[in-house]
Amino acid sequence: MDNNDLEKINDLLDKDVEIREKIKEQVNELDKKARTMAGILNRVHSTPPGALPPLLDSVRPVLQSCQDTMSQLASIVPENQFWRWKDMWTNSLRTAISAVAMVQYLTKRDLVSLQQVSDTLGFKVEWANRVALPVEDYLHGVISLVNDLSRLAVNSVTLGNFEEPIKISIFVKDLFAGFSMLNLKNDVLRRRFDGLKYDIKKIEEVVYDVSLRKLATVKTASADMES
Amino acid sequence: MPTSLLQHDRSVLLANFESFRADIDDYNDRRERLIKASRDITNLSKKIIFLLHRIALEDDEASNARAAKRGISKLREVQDIYAGLAPELIGDHFWRYQRQVSPGLQEYIEALSFAHYLQHGTLIPFETVQRSLSSPEGVPFFPLTVSDYLLGLSDLTGELMRFAISGLSSHKGGRAKATQVCAFVRACKADFEQYSAFVPDLRKKQAVTAQSLEKIEDAAYTIAVRSSEYDLPPEILDDIVAQSISHFSDRSHKRTRGHDLEDDPDNDGS
């Protein structure tokens with residue numbers, strides 16, 4: 001290799017190293033925020049329904065602050081290179097997505113849409129080829145939500161909230177129907193989807209326990225009879 | 001309790017998942033197409049590498065140049081496949097599917113750099129590879145990555161080892177060529193060393209390059225030792241060897257066997 005070429009290659013590699021380091025900094029930030037939210041939301045398992053709103057309110061400022069991190073990331077990633085770097089923040093992002101989904105579920109009893117997550121975390125269409133929210137990550141976040149809801153079904157009964165498992169059951173079953181529509185290839189998402197049945201089973205057992213003991217009345221009976 | 005009135009809308013939820021399905025299917029289909037194309041490119045490139053070996057080993061002065069010329073014109077078939085793939089790899093798609101594109105691309109670079117070496121005796125520059133993967137107007141089909149470039153070149157050293165060692169037995173100037181290749185591969189290995197910290201797969205390939213280099217060095221050593229025993233210029237030594245080969249040439253099986261022995265069975269075929 002002549003010197004010119006050596007230098008060019010070195011240049012290119014140095015630039016990559018620089019970008020990687022800058023991204024790393026932001027990912028550390030995002031990771032901290034994601035962990036903070038996960039920590040706060042872990043308390044839903046020990047919080048009675050009445051005390052939930054303030055708990056969820058305390059997550060919102062952290063969610064809001066993720067917007068800065070995302071736009072910082074977008075300013076670092078070069079044009080069209082989103083998929084090159086995204087693995088660096090995928091894990092933290094998925095944790096953040098599941099936090100958004102949990103807050104939405106507990107406030108609206110609804111599945112947060114991809115667009116809503118995107119807006120909440122501050123993704124902008126203008127930098128879609130630098131930083132974007134892929135469907136795959138959203139779906140991972142939703143599966144994490146289900147994993148957490150199966151725990152919540154158990155723990156809410158412990159706290160004396162017997163209605164909760166039934167609501168969760170209806171919600172999760174529809175989610176499962178949604179996931180069943182997807183043609184997943186053999187990857188992590190597929191394995192996690194396969195794992196959903198255990199969450200559903202766990203929730204069903206809780207529903208069975210509370211309804212058999214007449215602790216809660218199952219209003220939408222038809223939805224539960226099926227399984 | 002007011003919250004109990006809230007509930008999700010099942011049909012909205014399912015409609016959303018339907019759009020995810022379209023998205024995921026689109027991704028998987030494109031991925032499959034690129035894997036297939038990459039496999040075609042790998043096959044074609046491997047054939048070109050064989051072609052280069054075959055012609056370059058022909059026993060005359062111009063064999064290298066002739067091999068390069070044929071190889072480069074065959075490589076156009078690969079370039080045409082890449083031209084056809086360009087729309088699939090547009091914008092941020094390239095990086096999304098980089099892992100599917102990479103194997104074929106490295107094989108292509110290996111073939112291209114081999115042809116380039118036969119023609120110029122040098123390492124093909126990064127720019128030249130990128131230009132070969134661009135439209136006639138100079139618009140790249142996709143951005144060439146340093147990692148694919150270096151990994152493709154790293155495979156070249158294995159081909160050069162084969163080229164040098166089989167050249168020894170079938171070529172008049174084979175020994176001079178082997179010495180050149182030896183120096184060239186040694187320089188490559190030294191150049192690549194500094195990059196192996198940046199390109200993870202390169203480190204593994206450097207080990208293979210080291211093995212190839214050692215094989216060529218051993219061959220060069222044999223040449224040096226044997227020719228030192230006779231105080232004759234190399235051309236005359238070549239003639240003596242050529243004469244004894246032609247003496248046996250009607251008993252071709254013997255020569256074939258000798259040739260096979262040169263071909264080290266533990267070469268990896270990558």
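1. In this predicted model, helix H6 (residues 135–158) of chain A and helix H8 (residues 188–212) of chain A have axes that come within 9 Å and cross at roughly 20°. Helices are DSSP runs of H or I, at least four residues, numbered from the N terminus. Axes are lines fitted to C-alpha atoms over the stretch in contact, with angles from 0 to 180 degrees between N-to-C directions.

2. H6(A) and H8(A) are therefore roughly parallel to each other (angles under 35 degrees count as such). Their crossing is left-handed, that is, the near helix is turned anticlockwise from the far one by less than a right angle.

3. The contact (heavy atoms within 4.5 Å) involves, among others, Leu139(A), Ile143(A) and Val154(A) of H6(A) and Phe193(A), Leu196(A) and Ile203(A) of H8(A). By class, the residues of this contact are 13 nonpolar, four polar and five charged. Nonpolar covers Ala, Val, Leu, Ile, Met, Phe, Trp, Tyr, Cys and Pro; charged covers Asp, Glu, Lys and Arg; the others, Gly among them, are polar.

4. Residues are numbered from 1 along each chain as its sequence is written, and chains are lettered from A in the order in which they are written. Local features need pLDDT of at least 70, and side-chain values use heavy atoms, without hydrogens and water.

Methods. Predicted model: local features only at pLDDT ≥ 70, side-chain atom pairs only at ≥ 80, totals over all residues. Helix = DSSP H or I, 4+ residues; strand = E, 2+ residues; numbered from the N terminus. Parallel < 35°, antiparallel > 145°, perpendicular 65-115°, else oblique.
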